[in-house]
Amino acid sequence: MTIAHVTVVGLGLIGSSIARAVKARMPSVVVTGHDASPDVRQQARDLRLCDTIADDAAAAVAGADLVILAVPVGRMADAANAIAPGLKADAIISDVGSSKSSVADALAKALPDHVVIPAHPVAGTENSGPAAGFATLFEGRWCIVTPGVEAPEDAVAALTGFWEALGAKVDLMDAAHHDMVLAVTSHLPHLIAYTIVGTASELEEVTESEVIKYSAGGFRDFTRIAASDPVMWRDVFLANRDAVLATLQRFNEDLTVLQQAIRRGDADKLEDWFTRTRAIRRSIIAEGQDDPAPDFGRKH
Ligand code: NAP
């Protein structure tokens, strides 16, 4: 299967990065874009993100071999319904949503006669909107593709090849397993960051200006994650509720273990725990998934 024409629906951080990466790495592929927001469509035109920006979702997908829905998880069903009348019979429909089981169900329901192969590029920043995207976002990052059992092999291979052409590494996974893995590696860390930043800003004994002034002690690293898009993350927690709650339960138990160790003065317990976590950080750097420079490579 050849992908000669891609349509990206939703031109925010991820959608605009896909459009930019296709233009940079696959110049012969035609890119059409659409966004529900007229303002975003105008920004996309000004930024020359795509060959064409369509005002109408169904018109945007006409002739497309691959359609990627890059809208918040809670808007996937709306976006799928809106493109349905314009799709080619053999088009592949995919998405980039941060949770997969609920999105897979919504897309299958909205597009029962089409080839739907959900996916999730595990790459992003705390910024949103079309100006925030960049062509190298997916380079060296993983894209998890979650085909259902009925997905044709050649379509899965075409989608895999597309993400590899954007510089990503691809893993195939069951949607439910994806949701559990991402609950641990992404959703719980975001929930913790949202909690810490919210709690610190509401303390009575310590003023907000003190929290901001002394944030280099660790707090500011949480604020990057806690600055992530509120709509996107609202939808992620609602969509991946079960896996997040299961992971949160485990986290609460572990937090209690550390709380006890501190209360009991159990130095060995604390040191063992922190030694193990330091090794995990080193493994992430060894895998090329973060900057080895001290302080996340920040320039001071
Ligand atoms: P974003 O920057 O907020 O962009 C989303 C865009 O989609 C907005 O311009 C939005 O317009 C538009 N939109 C909403 N509903 C639409 C619809 N029905 N039809 C067409 N356009 C619609 O969000 P993002 O960060 O790119 O996230 C997009 C998707 O990528 C989400 O599913 C998210 O879970 C996933 N993802 C995000 C990251 C990340 O780090 N940000 C990483 C991996 C995957 P309005 O603003 O007017 O609603």
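Okay, let's begin at one residue: Thr 160 touches Val 170 and Leu 172, leaving aside residues up to four places away in sequence; a contact here means heavy atoms within 4.5 Å. Thr 160 sits in helix α6, residues 153-165. Is Thr 160 buried or exposed? It's buried, at a relative accessible area of 15%. For those labels, buried is under 20% relative accessible area, exposed is over 50%, and partly exposed is in between, using a 1.4 Å probe and protein chains only.

Quick word on what we're looking at. This is a predicted model, where local features need pLDDT of at least 70, side-chain atom pairs count only at pLDDT 80 or more, and totals for chains, interfaces and linings use all residues. Residues are numbered from 1 along each chain as its sequence is written, and side-chain values use heavy atoms, with hydrogens and water left out.

Now the sheet. Six strands make an open sheet, in the order β3-β2-β1-β4-β5-β6, with parallel pairing. Strands are DSSP runs of E, at least two residues, and helices are runs of H or I, at least four, numbered from the N terminus; two strands pair if DSSP finds at least two bridges between them. At the edges you'll find β3 (52-53) and β6 (115-116), each pairing on one side only. Look at β1 (residues 5-9) and β2 (residues 30-34): they run parallel, joined by five bridges.

On to the ligand. Which residues come nearest? Of the 27 residues around the ligand, that's Ile 14, Asp 35, Val 71, Ser 98 and Gly 129, where being around it takes a heavy atom within 4 Å. Asp 35 has a polar side-chain atom 2.7 Å from a ligand oxygen atom. Ser 98 also puts a polar side-chain atom 2.7 Å from an oxygen atom of the ligand. From Thr 125, a backbone N or O atom lies 3.5 Å from a ligand oxygen atom. Taken alone, the ligand exposes 900 Å², and the protein buries 85% of that; those areas are Shrake-Rupley values with a 1.4 Å probe. As for the shell around the ligand, α1 (13-25), α4 and β7 (119-121) each supply at least two residues.

Last stop: Asp 254, in helix α11, residues 241-264. Asp 254 is partly exposed, with a relative accessible area of 23%. Its C-alpha atom is separated by 26 Å from that of Ala 227, 27 residues apart along the chain.

Terms used. Polar contact = N/O pair within 3.5 Å; in protein donor to acceptor, adjacent residues only side chain to side chain.
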